[in-house]
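Please look through the model below with its aromatic rings in mind.

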Amino acid sequence: MNYTFDFAPVLAAWPMLVDGILGTLRMSSLSMIFGLSLGIVFMLMRMSKQRTLKAIAIGYIELIRNTPILVQVFFVFFGMPALGIRLSGEQAAILAMTLNCAAYAAEIVRGGVQSIRPGQIEAGRALGMRVLDIYRFIVFRPAIRAVYPALCSQFILMMLNSSLMSSVSAEELTYFAQTLDSQTFRSFEIYLTLGIIYLALSQFVSIALGVLGRVYFSYPAK
Amino acid sequence: MIRQFGWGEFLFLLEGARWTVVLSLLAFTVGGALGLAVALGRTSKWAWLRILMATYIQIFQGTPLLIQLFFVYFGLPLLGFKVDVWVALTIGLSLHTSAFLGEIWRGSIQAVPNGQNEAAAALGIGYLHRMFDVVLPQAFRIGLPATISFLVNLIKGTALAALLGLTELTRSGQLMANITFQPLQVYGAVALIYFFICIPLTYCSARIERRLNAAR
């Protein structure tokens with residue numbers, strides 16, 4: 001092995017990497033927020049008694065969960081212009097990740113909602129709570145609390161998946177790394193650094209979300 | 001003259017799908033064998049081995065598959081190996097698989113009641129026989145649904161091979177989309193092929209899981 005490692009050009013480009021980290025975090029956070037909201041809609045459809053709504057939700061969820069996210073983003077980025085909708089790389093990335101996340105979030109949240117025993121809802125009704133309050137305080141919040149760890153790992157998974165969005169020129173971490181690669185040809189050093197950054201990011205996010213969850217879901221002790 | 005996306009073009013995609021299946025099976029077989037070693041290491045009595053395997057798993061679960069593949073693809077030549085894309089992808093995907101299956105199977109091994117292990121030890125059965133004849137057959141049942149779900153993830157993961165230039169299903173789709181200028185139809189068809197490869201597995205996994213839960 002006669003290769004001299006040289007991390008200098010990689011480290012010299014740190015502002016680019018910081019931009020990339022911010023891009024990655026921005027895209028995955030937005031997709032998670034949109035995806036979770038859309039996912040709750042699909043979850044409600046999935047659990048509704050109406051056959052058509054249920055079938056649409058199941059079809060959507062299974063279609064998304066059984067196809068690669070790379071193909072989904074290609075479909076959005078290259079396919080949508082044929083329908084007259086032209087999206088930038090980042091918009092396509094966020095849209096694809098949102099659609100992807102919605103399917104997974106729907107199933108995760110459904111698990112949480114199903115863990116709420118009917119007696120709880122009946123108790124709320126017996127106490128004269130309004131329907132919306134019952135849903136908010138008795139169904140959703142405990143349900144989200146129950147599946148919070150799963151949602152966190154879904155978020156981390158999506159953050160890692162966002163690396164694929166470089167292929168539609170969305171400006172996230174891997175995109176900048178590939179730019180740097182074509183400028184410096186230091187592939188090995190770059191991808192090693194990139195791996196370390198992603199590892200640090202996922203550890204950091206996992207801890208941060210854990211703390212956030214402990215604060216937000218600390219009721220009724222609060 | 002621009003080609004239309006028709007039956008012949010669809011067959012070209014199916015041709016690509018064959019390599020998706022081959023790559024998935026290769027990675028699943030090699031990765032499964034490695035994953036068993038990872039799971040056994042992760043549940044071993046030596047703390048250093050458990051920590052080592054936990055780190056190994058953490059690294060693969062904390063970095064994107066794409067970066068892992070790039071790393072192998074660009075890293076191996078530095079060690080003096082001339083690798084073509086098939087070898088690099090098989091190695092990369094196998095390592096990825098071994099970490100994930102290792103973690104799934106660690107859970108299954110630990111889910112087998114410890115009395116089984118202790119009883120076998122009390123009967124004087126050695127480690128290998130205890131594992132392969134007593135613990136693992138029971139762990140296999142518990143871990144089967146998650147293992148199949150991971151296989152679905154792996155099949156979807158092989159789509160990344162397209163970004164390294166291997167002409168599997170997704171890459172065939174890219175090529176076909178460039179020839180026909182009908183990306184909507186082409187990527188739709190690609191997605192459907194993946195769907196029909198994966199859905200039987202997903203269905204199987206859900207069914208086995210339901211049956212296992214019912215038995216409990």
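Helices (H or I, at least four residues) and strands (E, at least two) are DSSP runs, numbered from the N terminus. The model is predicted, so local features need pLDDT of at least 70 and side-chain atom pairs count only at pLDDT 80 or more, while totals for chains, interfaces and linings use all residues. Residues are numbered from 1 along each chain as its sequence is written, chains are lettered from A in the order in which they are written, and side-chain values use heavy atoms, leaving out hydrogens and water.

**Aromatic pairs**
- Rings of Phe, Tyr and Trp (its six-membered ring) pair if their centres lie within 6.5 Å, and planes under 30 degrees apart count as stacked, over 60 as edge-to-face and the rest as tilted.
- Over all chains, the search finds 18 aromatic pairs.
- A:Tyr148 and A:Phe217 form an edge-to-face pair, because their planes stand at 70 degrees, with the ring centres 5.2 Å apart.
- This pair joins helix α7 (residues 131-161) of chain A, which holds A:Tyr148, to the segment after α9 (187-216) of chain A, which holds A:Phe217, 69 residues apart.
- B:Phe100 and B:Phe150 are stacked, because their planes are at 15 degrees, with centres 5.5 Å apart.

**Charge over a ring**
- The charged end of A:Arg141 sits over the ring of A:Tyr216, 4.7 Å from its centre (CZ of Arg must be within 6 Å of the ring centre and within 35 degrees of the ring normal).

**Annotated regions**
- UniProt, in an unreviewed entry, lists residues 85-105 of chain B among those for "transmembrane region", and such annotations may be inferred rather than shown by experiment.
- Residues 85-105 of chain B are 100% helix and 0% strand, with end C-alpha atoms 29 Å apart.
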